[in-house]
Amino acid sequence: MPNRPLPISLVIPLCNEAATLVTLFEKIKTVIEEQQLGPFEVIFVDDGSTDESWAKLEQLKSDYPQQVTCIRFRRNYGKAAALSAGFAEATGEIVITMDADLQDEPSEIPHFIEKMNQGFDCVSGWKQLRQDPWGKTLPSKVFNWATATASGVKLHDFNCGFKAYQLEAVKSLNLYGELHRYIPVLLAAEGFQITEIPVEHHRRTYGVSKYSWKRLLKGGLDLITVIVLTRYLKRPGHFFGGFGIISGGIGFAILAWLSIQKMILSHNIGGRPLFFLGILLLLLGVQLISTGLIGELINYHARHTTSKRSKHPSAIEKID
């Protein structure tokens, strides 16, 4: 790897995309050289392919040893793991990610660079005219709406794999599960500047889509994880306490109403399901509030310990 940062690193995760790899690299190389964007590297991450993808990558590495880096997983670990491995190897001042199936158009790369030069830390692609069947586009629209609403990051297309980042931004990420879908949310929570640009999108002509409803379900569960990590990691009392107050309040109201019926109307409440529901909700509320308080104590201890080790928060940039 080079001793100093390159202008551009491209990280391309792939799984069974043997038919497109050589064409993709040649298109990338042509665009970057014609636009005189400077030296570049392409980091291919083979996420457990079972076709001839690795043989194609070995040939590319042999033909372009200074520009191609190849990483291979023994089995399929998922896109988040593949991106994480690629980010760890990247040395470019700007890191661009794109899919290997030729649906992303390499000629868009200069547009990403131009937008990044305006001072942004992450530029996300927006497939305005997406060339995919409705079985992919409809769930994607629902997912994008839910993510934008829940996170407050106003992007149209979180799913687009065509993105550009400052090197500092990708080095700050810790990706697992399906968290690659939420990279803009994670970066925005750390104070990085996020924007998007429309990009051209081609219909898939090679290979098979990796999308499935199971991935959508996993993505939905990870959205909850992301919201907790970005909004409540430093204040768990607000997260657990909020649900605890709601649950405990409903339980208290139920028991209060039943108590009034018992004392004033002489109703028998001991065997009523509503009585047990009230007790359950009240106890659940107490437990949730207690969990939030324990989380706050752990956070306080962690911050207190850190403050003894360092006088300055690590997130503050110091200029001597």
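The model is predicted, so local features are reported only at pLDDT of at least 70 and side-chain atom pairs only at pLDDT 80 or more, while totals for chains, interfaces and linings use all residues. Residues are numbered from 1 along each chain as its sequence is written, and side-chain values use heavy atoms, with hydrogens and water left out.

The protein chain has ten helices and seven strands. Helices (H or I, at least four residues) and strands (E, at least two) are DSSP runs, numbered from the N terminus. Of the 320 residues of the chain, 43% count as buried. Here buried means under 20% relative accessible area, exposed means over 50%, and partly exposed lies in between, with a 1.4 Å probe and protein chains only. A contact is defined by heavy atoms within 4.5 Å. Among contacts between residues at least 6 apart in sequence, 80% join residues at least 24 apart.

In soluble globular proteins, nonpolar side chains tend to be buried together. A nonpolar core is a set of buried Ala, Val, Leu, Ile, Met, Phe, Trp, Tyr and Cys residues joined through side-chain atoms within 4.5 Å. The largest such core holds 34 residues, of which Phe 87, Leu 175, Ile 183 and Leu 187 touch the most other members. At least two residues of this core come from each of strand E2 (40-46), helix H3 (79-89), helix H5 (134-151), helix H6 (167-171), helix H7 (183-189) and helix H8 (213-232). Helix H3 gives the largest share, five residues. Leaving aside neighbours within four places in sequence, Leu 175 is in contact with Ala 80, Leu 83, Ser 84, Phe 87, His 180, Ile 183 and Leu 186. A second, separate core has 32 residues, including Ile 12, Phe 25, Ile 109 and Met 116.

Side chains of opposite charge can pair when their charged atoms come close. A salt bridge is a side-chain nitrogen of Lys or Arg within 4 Å of a carboxyl oxygen of Asp or Glu. By this rule the count is two salt bridges. One joins the side chains of Glu 33 and Lys 29, with an N to O distance of 2.9 Å. Both residues lie in helix H1 (residues 21-34), four residues apart, which is about one turn of the helix. Glu 33 counts as partly exposed because its relative accessibility is 43%. The other salt bridge joins Asp 99 and Lys 79, at 2.8 Å from N to O. Asp 99 is partly exposed, at 21% relative accessible area, and Lys 79 is partly exposed, at 23%.

Asp 104 lies in the loop between strand E4 (94-97) and helix H4 (109-116). Asp 104 is buried but has no salt bridge, and the nearest side chain of opposite charge, Lys 127, is 5.9 Å away. For charge, Lys and Arg count as positive and Asp and Glu as negative, while His and the chain ends are not counted. The side chain of Asp 104 reaches the backbone nitrogen of Asp 99 at 2.9 Å. Not counting residues up to four places away in sequence, Asp 104 touches Met 98, Asp 99, Phe 162 and His 201.

Thr 97 is found in strand E4 and counts as buried because its relative accessibility is 3%. The side chain of Thr 97 reaches the backbone oxygen of Gly 161 at 2.8 Å. With residues up to four places away in sequence not counted, the residues that Thr 97 touches include Val 11, Leu 83, Phe 87 and Phe 162.

Leu 102 counts as buried, at 14% relative accessibility.

A search of the whole structure finds zero disulfides, a disulfide being a pair of cysteine sulfur atoms within 2.5 Å. Cys 70 is partly exposed, at 22% relative accessibility, whereas Cys 122 is buried, with a relative accessible area of 0%.

Definitions and conventions
A polar contact is a pair of N or O atoms within 3.5 Å; within protein, one must be able to donate a hydrogen and the other to accept it, and residues adjacent in sequence count only if both atoms are side-chain atoms.
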